Amino acid sequence: MSVIAITRLPAPSLADCELSFVAREPIDIERARAQHAQYRCVLAKLGCDVRMLPMQSSMPDSVFVEDCAVVLDEIAVLTRPGAPSRRVESESIATALAEFRPLASIQSPGTLDGGDVLRIGRTLYVGASARSNAEGIAQLGALLGPHGYVVQSVATRECLHLKSAVTQIDDDAVLLQPAWVDRGVFSHLRVIEVDPDEEHAANVVRVNDQLLMPDGFPRTRQRLLDAGFSVTTVPMSELQKAEGAVSCCSLLFRDLSV
């Protein structure tokens, strides 16, 4: 399967990013860019066609492109991020996606971050978080219902996004942090929990049946290896200081033209 990966280089203003659940620390921007380069390189090795959008120097969170859109085979929905400072990021995302999908968008007073949207089959689980409100979730359901998708709101706690707490690792399996989301929501699936000493380890990216995760969670990585998964790691320390992770640094979707 050919996969497009939309990315964007970290802005020099990254240290001024929005933060909700982590303490602010100094960020080495050159190291962040080097780590992002490694991330792009691994995506390419896993089979992605990596596209990089122009840097948005005055937009600290703009590297986290996933939050600006939800891309399915039938349609791309431009979100309305919950942090007002991030809403200006969407224009260039829309331009990039228009080449591949028809576009729709979430409207005020709805808010929605792409990091809150976890698709498993024809169901989209959406975190009812500080960034995604009930109106935004309802609008997403109305836009996607005609395409045969079901949208289900999921309560989160003590984390930024739903995909901070749970991500898909196989067609019928998830990696989950039980402190941040109720395991019962995903009881119909195989659930692997993160190691208790690695609370931020639930965010991974699945690319062509390979898993990509930050290199700072060796115990959770071992759980995945023991379960039979292939796992590649990348350094993400500087982007993690900005409350980022591997999923939020790219928009991944199938290239339907090939």
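A residue is called buried when its relative accessible area is under 20%, exposed when that area is over 50%, and partly exposed in between, using a 1.4 Å probe and protein chains only. By this definition, Gly136, Ile137, Gln139, Leu140 and Leu144 of helix H3 are buried. This is a predicted model, in which local features need pLDDT of at least 70, side-chain atom pairs count only at pLDDT 80 or more, and totals for chains, interfaces and linings use all residues. Residues are numbered from 1 along each chain as its sequence is written, and side-chain values use heavy atoms, with hydrogens and water left out. Helices (H or I, at least four residues) and strands (E, at least two) are DSSP runs, numbered from the N terminus.

**The sheet E6-E7-E8**

- Three strands make up an open sheet in the order E6-E7-E8, with mixed pairing; two strands pair if DSSP finds at least two bridges between them.
- Its edge strands, each pairing on one side only, are E6 (117-120) and E8 (150-155).
- From one strand to the next, the twist averages 25°.
- E7 (residues 123-128) pairs with E8 in the parallel sense, over six bridges.
- Gly127 has Val154 of E8 opposite.

**Val154 in strand E8**

- Val154 lies in strand E8 and is buried, with a relative accessible area of 2%.
- Not counting residues up to four places away in sequence, Val154 touches Tyr125, Val126, Gly127, Ala128, Leu162, Val181 and Val185, where contact means heavy atoms within 4.5 Å.
- Val154 and Val117 are 37 residues apart in sequence, and their C-alpha atoms are 9.8 Å apart in space.

**Helix H3**

- Helix H3 (residues 134-144) lies across E6, E7 and E8 and runs at about 165° to E7; axes are lines fitted to C-alpha atoms, for helices over the stretch in contact, and angles run from 0 to 180 degrees between N-to-C directions.
- Which residues of H3 are buried? They are Gly136, Ile137, Gln139, Leu140 and Leu144.
- Seen down the axis of H3, these buried residues fall within an arc of 160°, so they line one face of the helix; the arc is that of the directions from the helix axis to the C-beta atoms.
- Ala134 and Ala142, on the other side of H3, are exposed.
- The buried residues of H3 pack against strand E4 (76-78), E5, E6, E7 and E8.

**Helix H2**

- In H2, the buried residues are Ser90, Ile93, Ala94, Ala96 and Leu97.
- Around the axis they cover an arc of only 165°, which puts them on the same side of H2.
- Glu91 and Thr95 are exposed on the other side of H2.
- The cover over the buried residues of H2 includes E1, strand E2 (48-53), strand E3 (69-71), E4, E5 and E15.

**Aromatic rings**

- There are two aromatic pairs in the structure; rings of Phe, Tyr and Trp (its six-membered ring) pair if their centres lie within 6.5 Å, and planes under 30 degrees apart count as stacked, over 60 as edge-to-face and the rest as tilted.
- Phe100 and Phe253 form an edge-to-face pair, with 5.3 Å from centre to centre and 65° between the planes.
- Phe100 lies in the loop between helix H2 (90-97) and strand E5 (103-105), and Phe253 in strand E15 (residues 251-254), so this pair ties together parts that are 153 residues apart in sequence.
- Phe100 counts as buried at 18% relative accessibility, and Phe253 counts as buried at 4%.
- Tyr125 and Phe186 form a tilted pair, with 5.0 Å from centre to centre and 55° between the planes.
- Tyr125 lies in strand E7 and Phe186 in the loop between strand E10 (173-176) and strand E11 (190-193), so the pair ties together parts that are 61 residues apart in sequence.
- Tyr125 counts as buried at 5% relative accessibility, and Phe186 is buried with a relative accessible area of 0%.

**Strands E1 and E15**

- E1 and E15 run antiparallel and are joined by four bridges.
- Ile6 stands opposite Leu251 in E15.
- The covered face of E15 holds Leu251 and Phe253, and the uncovered one holds Leu252 and Arg254.

**Ser13**

- Ser13 is in the loop between strand E1 (3-8) and helix H1 (29-45), and is buried, with a relative accessible area of 15%.
- Apart from its neighbours within four places in sequence, Ser13 is in contact with Ser57, Ser58, Met59 and Pro60.
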